[in-house]
Amino acid sequence: MGMNTAMRTNTAQVIGVVGGSGGVGASVLAAAIAVRAAQAGLRPVCLDGDRLGGGLDVTLGIEQERGVRWPDLAGARGCIDGPELLRRLPSVDGVHVLSFDRARDVALAAEVVQEVLRALSEVADVVVVDLPRPDHEFFAALAPSVDAMALLAGSGIRDLAGASAIAGHLIEACPAVWLCLRTSGKGTHFADTVAAALDLPLLTVVREEPSLAADVLHGIPPGSSPRSALATAAETVLSRCVVGERRDAS
Ligand SMILES: Nc1ncnc2c1ncn2[C@@H]1O[C@H](COP(=O)(O)OP(=O)(O)OP(=O)(O)O)[C@@H](O)[C@H]1O
Ligand SMILES: [Mg+2]
């Protein structure tokens, strides 16, 4: 870690998304953040951190696309060529994704995961990591390189209990942790109350996205429709976590 910093020409902003409980929509939010980044003219990469989660390529609707996935990199040694890796990743609408593969489970050494992030950070503006919970190895390997984390909490009692169990670990691991709350409520009073209880700053609420199920079936990446609930939430995350990162040239 920290090697070659003097030689770096570009370093992406790294955003981690963590679900406060299972199935709350963290992978979808991570994908939507990358989709909105691409729409804004940034170069995003999505990193799948959920080894047995089925694959972030599925969330983006490009599981049939050929290209490199984590198992292809498990044996990597030494320096990884960022531009070459980026070229070989499957992509949709300007979003590249490094996904796990449901057909090929693989354990990844922390050094490989860290080197992949370093290499991709040189060729991307934003790397969005779909992080597992803090008790997983992948979290430990990447957390020190994450600039900002979004904890997506659900609104039910068990969701909130789960989020509170995780929040402290995130704060320990990362200097900038934000709360995103999945809620159908119209106002923000509830969200403010949850943020105060978890002692996290509220970044955005994530409302129900009615078209999501149909979009997934049609291979439309989450967050593609401007002004949709997901696009709005994802843009809020982006604007807070990637301040001033928009690139004018090169
Ligand atoms: N904002 C949303 N509105 C409506 N449905 C959503 C929303 N976000 C996610 N979903 C749906 O909820 C389900 C779970 O989403 P997702 O896989 O993103 O959750 P997760 O938190 O990553 O789950 P896991 O704990 O398995 O990693 C999916 O069917 C997805 O389509
Ligand atoms: Mg997930």
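# Getting to know the sheet and its surroundings

Me: How do you know that S6 and S7 pair, and in which sense do they do so?
Reply: S6 and S7 pair in the parallel sense over five bridges. At least two bridges are needed for two strands to pair, so five are enough. Please keep in mind that this is a predicted model. One bridge joins Leu152 to its partner Cys180 in S7. From S6 the chain passes through helix H7 (residues 157–173) to reach S7, and this β-α-β crossover is right-handed.

Me: What makes strand S1 a partner of strand S6?
Reply: S1 (residues 13–19) and S6 (residues 148–153) are joined by five bridges and run parallel. The cut-off is at least two bridges, so S1 and S6 count as a pair. Along them, Val17 stands opposite Ala150, and Ile15 has Ala148 as its bridge partner.

Me: What makes S6 "largely enclosed"?
Reply: Six of its six residues are buried, so S6 is largely enclosed by the rest of the structure.

Me: Which strands does S5 pair with?
Reply: Five bridges join S5 to S1, and the two run parallel. Another five bridges join S5 to S2, again in parallel. Val126 of S5 takes part in both pairings: Gln13 stands opposite Val126, and Val126 is also the bridge partner of Pro44.

Me: In what order do the strands lie, and why are S3 and S8 described as standing at the edges?
Reply: The open sheet has eight strands in the order S3-S4-S2-S5-S1-S6-S7-S8, with mixed pairing. S3 (91–92) and S8 (202–206) each have a single partner strand, so one side of each has no neighbour in the sheet.

Me: Which helices lie on this sheet?
Reply: Helix H5 (residues 110–121) lies across S1, S2 (44–48), S4 (95–98) and S5 (126–130), and runs at about 170° to S2. Helix H8 (residues 189–198) also packs on the sheet, where H8 touches S7 (177–182) and S8 and makes an angle of about 140° with S7.

Me: Why is Pro90 called buried?
Reply: Pro90 has a relative accessibility of 1%, and the limit for buried is under 20%, so Pro90 qualifies. Pro90 belongs to the loop between helix H4 (82–88) and S3. Beyond its neighbours within four places in sequence, Pro90 is in contact with several residues, including Ile62, Arg66, Val95 and Val97. The C-alpha atoms of Pro90 and Asp57 are 8.1 Å apart, although 33 residues separate the two along the chain.

Me: Is Glu137 buried or exposed, and how do you know that?
Reply: The relative accessible area of Glu137 is 63%, and exposed means over 50%, so Glu137 is exposed. Glu137 lies in helix H6 (residues 137–142). Its C-alpha atom is 7.7 Å from that of Ala110, a residue 27 places away in sequence.

Me: What makes the overall size agree with that of a compact globule?
Reply: A compact globule of 250 residues would have a radius of gyration near 18 Å, and the protein has 17 Å, so the value agrees. Along the principal axes, the C-alpha atoms fill a box of roughly 50 × 40 × 40 Å.

Key. Residues numbered from 1 in each chain as written. Chains lettered and ligands numbered in written order. Predicted model: local features only at pLDDT ≥ 70, side-chain atom pairs only at ≥ 80, totals over all residues. Heavy atoms only, no water. Helix = DSSP H or I, 4+ residues; strand = E, 2+ residues; numbered from the N terminus. Contact = heavy atoms within 4.5 Å. Axes fitted to C-alpha atoms, helices over the stretch in contact; angles between N-to-C directions. Rg over C-alpha atoms; globule rule 2.2 N^0.38 Å. Buried < 20%, exposed > 50% of the residue type's maximum accessible area, 1.4 Å probe, protein only. Right-handed = clockwise from strand over helix to strand, strands pointing away.
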